[in-house]
Amino acid sequence: MWGIVRQRAVDGGFSASSLRRTRSALVSARSYAAGSKEMTVRDALNSAIDEEMSADPKVFVMGEEVGQYQGAYKITKGLLEKYGPERVYDTPITEAGFTGIGVGAAYAGLKPVVEFMTFNFSMQAIDHIINSAAKSNYMSAGQINVPIVFRGPNGAAAGVGAQHSQCYAAWYASVPGLKVLAPYSAEDARGLLKAAIRDPDPVVFLENELLYGESFPISEEALDSSFCLPIGKAKIEREGKDVTIITFSKMVGFALKAAEKLAEEGISAEVINLRSIRPLDRATINASVRKTSRLVTVEEGFPQHGVCAEICASVVEESFSYLDAPVERIAGADVPMPYAANLERLALPQVEDIVRAAKRACFRSK
Amino acid sequence: MKFIPESSPQRVPCYRVLDENGRIILNSDFIPVSEKLAVRMYEQMATLQVMDHIFYEAQRQGRISFFITSLGEEAINIASAAALAPDDVVLPQYREPGVLLWRGFTLQEFANQCFGNRADHGKGRQMPIHYGSKQHNYFTVSSPIATQLPQAAGVGYSLKMEKKNACAVTFIGDGGTSEGDFHAGLNFAAVMEAPVVFICRNNGWAISTHISEQFRSDGIVVKGQAYGIRSIRVDGNDALAVYSAVRSAREMAVAEQRPVLIEAMTYRVGHHSTSDDSTKYRTADEIQYWKMSRNPVNRFKKWVEDNGWWSEDDESKIRSNARKQLLQAIQAAEKWDKPPLAELFNDVYDVKTKNLEEQELGLKDLVEKQPQDYPPGFHI
């Protein structure tokens, strides 16, 4: 199974790079003053890990292909050379094994950053993530804390089929004891990964393969080695007053495009990038909906019991009287991800779906 | 063309020092044990036996909800603990409370955990027998089987990186070696050259599954070589043999920075737990035989007595003292308050998140406003 993913990493992924080209064009059209720096998400993640390893000798990286191969997606490029094989450890193929080992090392005081080649493979280790990592601090009454980060690509990529495309945000975010983060931009990637590595609790860090190559403008502040984003705080990517669109990861890009299309039709959409799935920033979510009175939530994952369901429940519970329209949920299709490109496109939310839902919430269409 | 046969004509021999009558076998090599150490070992084995019986009875009387005994495995428990250094990190399965007892966990502390009261170091978070103590380098018992094995490899790796003069020691039963984590843990420890001592208590039964239905190999010891791990089979009911084997294994693990596997042969005299009635799947005769004729405590007692280090007087004293202390500990533990409401929300994270703070306030408010739903004695 992982053979397929490995092949894609070597090729660079043909469909992924074409998507990259179209998206980069749009991003630079939106970028700030000329002369501002840009950084890919890949470089952002790499620099974050590098800086944290440099600052704290207890931080080490572990996973399949992270060392000599420079990382299946090149996120750990250059780290083996810089820090040596003890701190950049190429593991045998056993997710359950290296996750358990990471937890044991964390119990003993090290700070492992464990890479899953994709979070789909984390299911083989999920007992260790939940029962060994998430619950340990509680079960041991504070005696065993687990400062571990589990990171890797999550959700759909392009043409990788059912066993490589599932989104695990809802599963992990339902577990007390875990923190679950999902970066979108390069700044998110840097700030959230640094925060995750420094955090004494176990963190599930959900990246997105298709975002790795995408470039984003990045501020001087974000490039500083002490830069860190708070865990549990969402970001308002675009302010608006007519409808709130809430999402995370790659869908933030789609939501921003949808907001532009909606603006052409006179609808001002506020786009919120969750950044943190657990803890969920209910305050920001509800404040926004109380302002706009309309909610559209978007995620790539399966619809039942998804992240959007939790957001809708929170808004209905806390801001019911502010709502002027039923809450809208957009999620992936309730099917294992098909391979054929047309079917895959149909199984995932597209910009048009977000636009339609926002218009429905504004009573502009059926 | 030659196939390696599925089994060897001879089983791997078992290292032993004392015969069944507690006499040193001629020409056996072992690490000598002083009178002081031997007496302490025996006292603790006897105490562990009394503790098992009393807590088991307490569960039967409904005073605690659950219990697991280590009956028949007292030599493995105490002798292995005696052979380790205090800095060695222990990751137990669940039938090794004797290791914690040896390291200084008091009978009152055991009772507090079983009752989940306010004094419990575990703050009432876990079922009975899920003891843990950072202070004693004994990781909190975790229910899923064999997860401690790759964790031990990780702990060993951490000790290796910090160049500590210590090793990780982890226990597993015969049944637990069927788990995927057994493979991952041993393979990894070997590849990482981590200082880990893996001790398998082969006690013949995994609840109702006999070893003949668990694996087709010659026990567990033969699996070590498959991972490139030095291994030994030892008579787990022979305290001196266990002491020597664990002591040697520990030295090798630390000095040579490698994992070592010990298979300790024994028998599970008690039921799997208080939720089990093993007479349903094995004969009462079989249990009785191991309980009486192959008892590790009696065997070691004979050796200690033969050396003139122990008398019948000492025997009745240690047992009655242990019994008295345990009954007092249980009475006290039973009476003490359960943990307060705040402990429901603590330790989920290092620092309580906002939503948990809100939930705690909400619950406190509810308890205040609806006292009739929270009967007197409901500890807040």
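Modeller: Buried means under 20% relative accessible area, exposed means over 50%, and partly exposed is in between, using a 1.4 Å probe and protein chains only. You're looking at a predicted model, where local features need pLDDT of at least 70, side-chain atom pairs count only at pLDDT 80 or more, and totals for chains, interfaces and linings use all residues; side-chain values use heavy atoms, with hydrogens and water left out. Residues are numbered from 1 along each chain as its sequence is written, while chains are lettered from A and ligands numbered from 1 in the order in which they are written.

Biologist: Is I129(B) buried or exposed?

Modeller: Phi of I129(B) is near 70 degrees, a positive value in a residue other than glycine. Most residues other than glycine have a negative phi. I129(B) is in the loop between α4 (107-115) and α5 (148-161) of chain B; helices (H or I, at least four residues) and strands (E, at least two) are DSSP runs, numbered from the N terminus. With a relative accessible area of 2%, I129(B) is buried.

Biologist: What is the relative accessibility of K74(A)?

Modeller: K74(A) also has a positive phi, near 65 degrees, and isn't glycine. You'll find K74(A) in the loop between β2 (59-63) and α4 (79-83) of chain A. K74(A) counts as partly exposed, at a relative accessibility of 30%.

Biologist: Where in chain A is P279(A)?

Modeller: Check the backbone first: the peptide bond from R278(A) to P279(A) is cis, with omega near 0 degrees. P279(A) itself belongs to the loop between β12 (276-278) and α12 (282-292) of chain A.

Biologist: How much area do chain A and chain B bury between them?

Modeller: The contact (heavy atoms within 4.5 Å) takes 41 residues from chain A and 36 residues from chain B. In chain A, I101(A), Y138(A) and Q143(A) lose the most area to chain B, together 22% of what that side buries. Buried area is the accessible area (1.4 Å probe) that two parts lose on being put together, summed over both. On carbon and sulfur atoms lies 61% of the total, which is about 3300 Å².

Biologist: Which residue of chain B forms a salt bridge with K58(A)?

Modeller: A salt bridge is a side-chain nitrogen of Lys or Arg within 4 Å of a carboxyl oxygen of Asp or Glu. The count between chain A and chain B is one. The closest N and O atoms are 3.1 Å apart, and the partner of K58(A) is E162(B).

Biologist: How many residues apart in sequence are R201(B) and E96(B)?

Modeller: Their side chains meet in a salt bridge, 2.9 Å from N to O. R201(B) lies in strand β3 (residues 196-202) of chain B and E96(B) in the loop between β1 (89-91) and α3 (97-103), so the pair ties together parts whose separation in sequence is 105 residues.

Biologist: And R319(B) with E315(B): which helix holds them?

Modeller: R319(B) and E315(B) form a salt bridge, the closest N and O atoms being 2.7 Å apart. R319(B) is partly exposed at 24%, whereas E315(B) is buried at 8%. They are four residues apart, so about one helical turn separates them, in helix α11 (residues 312-335) of chain B.

Biologist: Which side chain makes a polar contact with the side chain of N117(B)?

Modeller: N117(B) is in the loop between α4 and α5 of chain B, and counts as buried at 0% relative accessibility. A polar contact is a pair of N or O atoms within 3.5 Å; within protein, one must be able to donate a hydrogen and the other to accept it, and residues adjacent in sequence count only if both atoms are side-chain atoms. Not counting residues up to four places away in sequence, N117(B) touches several residues, including W336(B) and D337(B). The polar partner, at 2.9 Å, is N112(B).

Biologist: How many disulfides does the structure hold over all chains?

Modeller: A disulfide here is a pair of cysteine sulfur atoms within 2.5 Å. C167(B) is buried, with a relative accessible area of 0%. Its sulfur is 17 Å from the closest cysteine sulfur, in C200(B), so that pair is too far apart for a bond. Over all chains, the count of disulfides is zero.
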